[in-house]
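Let's take a walk through this structure together.

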Amino acid sequence: MKDRVAVVTGGSRGIGRAICLKFASLGANLVINYAGNTEKAEETKAMCEKLGAKVVLVPGSVADIMVCEKLIAEAVESFGRVDILVNNAGITRDNLIMRMSEEDFDAVIDVNLKGAWNCMKQVSRMMMKQRSGRIVNLSSVVGVVGNAGQVNYAASKAGIIGMTKSLAKELASRGVTVNAVAPGFVQTDMTDVLGEEMKENLQKTIPMGRLGEPEDIANAVVFLAGDEASYITGQVIHVDGGMVM
Ligand code: NDP
């Protein structure tokens with residue numbers, strides 16, 4: 001990872017922060033996108049810098065293609081190239097379909113699915129020219145098995161898998177790999193909103209008997225972004241304590 005350039009969306013907190021810290025600890029430099037929580041983003045930046053990384057922060061929604069253009073342009077301006085793209089930014093707007101608004105459906109698809117497309121579109125040409133590159137997309141157990149109250153989120157995360165496999169086929173001959181990681185339930189702000197009772201019930205559905213930690217997911221993402229994963233493409237790695245087998 002030494003001196004590699006990694007772009008991580010949604011890197012200010014949660015799983016994204018753990019991914020950034022892991023990259024930084026292995027010697028990579030980082031371009032970190034986030035939606036608007038500057039305090040958390042500055043915290044992550046300082047933590048990565050302490051590990052020796054150079055870090056550039058780029059705020060803005062990945063749902064906006066102009067933000068993604070800027071994100072990649074700033075990476076190139078600061079470091080000259082992009083070796084790794086991690087599409088981690090994600091949101092939930094849960095509700096049963098009877099109560100789910102069209103706005104909530106669109107918002108989740110725009111950030112989780114279109115946001116990843118926006119960023120992949122910006123880096124694909126460059127990585128093809130470089131004849132090297134790693135793209136890792138965050139899917140979810142919900143995109144594989146579904147979940148009541150999350151038709152929007154499940155659609156976005158299932159879409160990520162289809163998009164990952166398709167782009168993997170497009171870029172494979174140029175030495176660029178595209179893979180996905182599908183986390184189970186991980187302890188972050190996203191799952192903090194679930195009540196204690198729901199978390200306890202969830203825990204019972206996880207064969208390993210515990211929710212995941214952000215670092216569990218970061219380890220798989222960084223593996224797929226490294227040299228040891230050079231012959232792996234179009235795959236989905238499930239990091240979920242055994243929920244999907
Ligand atoms: P968090 O809610 O903890 O953090 C979300 C991150 O995404 C923040 O950095 C946030 O920025 C950023 N973000 C939100 N919206 C946008 C946007 N429109 N544009 C750019 N950045 C944005 O999420 P997690 O760490 O839990 O989740 C990370 C990824 O993992 C997501 O894709 C999620 O769907 C997936 N995942 C999570 C699971 C879990 O159990 N936690 C399970 C399965 C998948 P800011 O701080 O500025 O708001």
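A polar contact here is a pair of N or O atoms within 3.5 Å; inside the protein, one must be able to donate a hydrogen and the other to accept it, and residues adjacent in sequence count only if both atoms are side-chain atoms. Before we use that, remember that this is a predicted model, where local features need pLDDT of at least 70, side-chain atom pairs count only at pLDDT 80 or more, and totals for chains, interfaces and linings use all residues. Residues are numbered from 1 along each chain as its sequence is written, and side-chain values use heavy atoms, with hydrogens and water left out.

Now, what does the ligand touch? One of its oxygen atoms is 2.6 Å from an N or O atom in the side chain of S12. An oxygen atom of the ligand is also 3.0 Å from a polar backbone atom of A35, while a ligand nitrogen atom is 2.9 Å from an N or O atom in the side chain of S61.

Zoom out a bit, and you'll find 32 residues around the ligand, counting those with a heavy atom within 4 Å of it. The closest are S12, R13, G36, Y153 and T188.

Finally, find N88, in the loop between β4 (84-87) and α4 (102-130). Its side chain reaches the backbone oxygen of G10 at 2.8 Å.

Conventions
Helices (H or I, at least four residues) and strands (E, at least two) are DSSP runs, numbered from the N terminus.
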